[in-house]
Amino acid sequence: MTALLTVDALCKAFGAYQALDRVSLEIGQAEFIALLGPSGCGKTTLLRAIAGFLQPDSGRIAIDGQDVTALPPNKRPLNTVFQNYALFPHMTVLENVAYGPRRQGASRDEAKRRALEALDMVGLAALGERYPREMSGGQQQRVALARAIVNRPRLLLLDEPLSALDMKLRKRMQIELKHLQQQLGIAFVFVTHDQEEAMAMADRIVVMNAGRIEQCGAGTEIYRAPSSRFVAEFIGDANLLPWESAGSGYIRLSMQGEQLPVTSVNGTARGLAVLRPEHLSVARADAPGGLDGTLVDVISVGSHTMLHANVGGQTLVVRTMGLPDATLERGKPIRLAFDPANLHLIGDAA
Ligand code: ATP
């Protein structure tokens, strides 16, 4: 299948700062992509370049095989939802949504019909006569969405569209947006710095760092097999355990003497092993092959408990389901167990 969007070696500098550094990316028809990364990594710059609000220094952007790099935003088959919604305050909700089709030459009746259809898709058909100021934050967000989808673009770009909403509403809107995207069958490129949001919504996540793409893949794949320390630490919690090769198919963790079998060492002699907190558990004191340390903290959030343990000077995080075991006491020795199959090795350079 041909890609809907192709971004090829895109570069953009602001003065001496390289905001986009040879960014290449392909997005499929009706794919939901999240651009994820810390503040300043270039997410918005990439989105604005795709939208046409910003001219790249070099590189190429194509939609459905057509080079759009030099086209202005309104000539590209896409639409953008901004963080602040950018609704017209003096127009009713219906007029806000009908504005796009009217500008594109639709008759008043046709524009109204399409606006009502778009409002219906976001569950606001009954509130078309209200003004934006009479709507809640979540409703305004839906109006902004209706306005963006009314012209049925091939591609919708969304710049942190849920950031102004409180946590509960934000979680609900994440699910609504995902359903809407599937219903419409159009591709979404969604900017966020919230990894849970990206994991919950996107088919693929593009992790960015300092103007570059660090890794691109399904959320579960990125979580399970991060390509670098940066990705491992940015997506979820990670224990990073230094290791050295101990012969073919084996490694030795610096905090433990034992040889551990691993599937791939990738020819590197040392590096870091990523071990997720849920892959560590509390073992009996006489259990073989554990990591010995001291319990530093027990933090329960109801559904699960996080334990912090000092093992050889490094704090390891353990996640257990449910409430903490009553026998766990701060300052007491603790032995942690893990299955070596859950160690994900990253090399020295990563
Ligand atoms: P955030 O999550 O904070 O919005 P971001 O990943 O979207 O961050 P960008 O807005 O793409 O980051 O900015 C990338 C870098 O480029 C930042 O260091 C920013 O300060 C810089 N930058 C962005 N726009 C401009 C501009 N018009 N002039 C100068 N520097 C800019």
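The largest pocket holds about 820 Å³ of space. A pocket here is an open set of points on a 1 Å grid over the protein atoms alone, where a 1.4 Å probe fits, with protein on both sides within 12 Å along at least five of seven lines. Its volume is the space filled by probe spheres set on the points, which are joined across faces, edges and corners. This is a predicted model, in which local features need pLDDT of at least 70, side-chain atom pairs count only at pLDDT 80 or more, and totals for chains, interfaces and linings use all residues. Residues are numbered from 1 along each chain as its sequence is written, and side-chain values use heavy atoms, without hydrogens and water.

The pocket is lined by 26 residues, each with an atom within 4 Å of a point. Asn74, Leu78, Asn79, Gly100 and Asn151 lie nearest its centre. Strand E6 (78-81), helix H2 (93-103) and helix H4 (137-149) each supply at least two lining residues. Helices (H or I, at least four residues) and strands (E, at least two) are DSSP runs, numbered from the N terminus. The lining has 15 nonpolar, 7 polar and 4 charged residues. Asp, Glu, Lys and Arg count as charged; Ala, Val, Leu, Ile, Met, Phe, Trp, Tyr, Cys and Pro as nonpolar; the others, Gly among them, as polar.

Now follow H2 to its helix partners. The axes of H2 and H4 come within 7 Å and cross at roughly 25 degrees. That makes H2 roughly parallel to H4. Angles under 35 degrees count as roughly parallel, over 145 as roughly antiparallel, 65 to 115 as roughly perpendicular and the rest as oblique. Axes are lines fitted to C-alpha atoms, for helices over the stretch in contact, and angles run from 0 to 180 degrees between N-to-C directions. Val93, Asn96 and Val97 of H2 meet Val143, Ala146 and Arg147 of H4, where contact means heavy atoms within 4.5 Å. This contact has 4 nonpolar residues, 1 polar and 1 charged.

H2 also packs on helix H3 (residues 108-121), with axes that come within 8 Å and cross at roughly 120 degrees. H2 is therefore oblique to H3. On the H2 side, the contact includes Val93, Leu94 and Val97; on the H3 side, Ala111, Leu116 and Leu119 are among the residues. By class, the contact has 10 nonpolar, no polar and 4 charged residues.

H4 has a further partner. H4 and helix H5 (residues 167-184) pack at about 20 degrees, their axes 12 Å apart. The two are therefore roughly parallel. Gly138, Gln141, Arg142, Leu145 and Ile149 in H4 meet residues of H5 including Leu169, Met173 and Leu177. The contact divides into 7 nonpolar, 2 polar and 3 charged residues.
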